[in-house]
Amino acid sequence: MNYAKKQNIPKDGTLNSFLTLVRSYFPEDVRHMVNSSTAHKYKGLEKKVVIILDAVPRCYPLLHPDLMFTRIFGDTIEQVVEEERRLFYVALTRAVEHLFILTEANNVSFFLEDLKSRRTILTIDWSDYRPLVTSIRRITVRVGNQNGRGGSNTYAIRDLLKAEGYRWNTTGWKAWCRTCPAQGFSVQKFFGEAMWISRADGIEVRFYDDLENEVGIYYIDKGQWTCEVDNLHILE
């Protein structure tokens, strides 16, 4: 899911921050029923409904970059893969009633492919499920370079962006990112309070809602901003 990269959350707080975000989409009286855990920590435990995230090759199997050094102690890649397969089995068997497995189109873990060859697995049509988000709570702001204007325009304002809480994100469109509350948000207020605007040139600013829908695109040239796409009226 790459949640940590998208939301720019420090690695030591990723799981708790992810859980807080997911719970925020549910009514307060049922939030305590939603929990998150690694597959390792859930050995021996069960829940009525289990959702496995990231059933993709980079996670199942998860091969550490330092794997080559473990071979000194006799561990082979085959042994590590089989251990990861057993861990995947642990995750699969934690569900009592319903099991959901999230993966990516054309990028499915071969563990899941093996399972599909032996068991019938139904595919969910997401259009049948209404989103839990009924109102936008957060705006994600991404500050990057305008297409065709070079690749280093954000470099000149990087220190100012860092000072305002932005973090560099290389997932998808490379940009400096931060989130802010949607309540009371306005473009005029945002640009008026941003200390880096006056030094910005050849910059593109994109705004996204909770569901990663692009709701606004603005260009900044020589400290002046102009609108390219504006759907921020949905905040009203």
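N106 is exposed, with a relative accessible area of 82%; exposed stands for over 50% relative accessible area, buried for under 20%, and partly exposed for values in between (1.4 Å probe, protein chains only). The structure is a predicted model, in which local features need pLDDT of at least 70, side-chain atom pairs count only at pLDDT 80 or more, and totals for chains, interfaces and linings use all residues. Residues are numbered from 1 along each chain as its sequence is written, and side-chain values use heavy atoms, with hydrogens and water left out.

**Loop residues**

N106 belongs to the loop between β2 and α5, where helices (H or I, at least four residues) and strands (E, at least two) are DSSP runs numbered from the N terminus. Although N106 is not a glycine, its phi is positive, about 65°. A105 is placed in the loop between β2 and α5 as well.

The loop between β1 (47-52) and α3 (67-70) contains P61. The peptide bond leading from Y60 to P61 is cis, with omega near 5°. D54 is found in the loop between β1 and α3 too, and has a positive phi of about 60° without being a glycine.

| Residue | Relative accessible area | Class |
|---|---|---|
| D54 | 17% | buried |
| A105 | 70% | exposed |
| N106 | 82% | exposed |

**Overall build and confidence**

The protein contains 7 helices and 8 strands. Of its 236 residues, 33% are buried. Among contacts (heavy atoms within 4.5 Å) between residues at least 6 apart in sequence, 62% join residues at least 24 apart.

The average pLDDT, the predictor's confidence in each residue from 0 to 100, is 84 for the protein, and 86% of the residues score at least 70.

**Nonpolar cores**

A nonpolar core is a set of buried Ala, Val, Leu, Ile, Met, Phe, Trp, Tyr and Cys residues joined through side-chain atoms within 4.5 Å. The largest has 24 residues, and V141, V143, F190, F191, W196, V205 and F207 have the most contacts inside it. At least two residues of this core come from each of β3 (138-145), β5 (175-181), α7 (187-193), β6 and β7 (214-221). Leaving aside neighbours within four places in sequence, F190 is in contact with V141, Y166, F185, W196, V205 and F207. Apart from this core lies another, of 13 residues, including A39, A55, L87 and L112.

**The second largest pocket**

On a 1 Å grid over the protein atoms alone, a pocket is an open set of points where a 1.4 Å probe fits, with protein on both sides within 12 Å along at least five of seven lines; lining residues have an atom within 4 Å of a point. The second largest pocket has a volume of about 970 Å³. It is lined by 24 residues, of which I101, L112, L115, I121 and L122 are the closest to its centre. α4 (77-92), β2 (95-101) and α5 (110-118) each supply at least two lining residues, and α5 gives the most, with 6 residues. By class, the lining has 16 nonpolar, 3 polar and 5 charged residues.

How values were computed: Points joined across faces, edges and corners; volume = space filled by probe spheres on them. Nonpolar A, V, L, I, M, F, W, Y, C, P; charged D, E, K, R; others polar.
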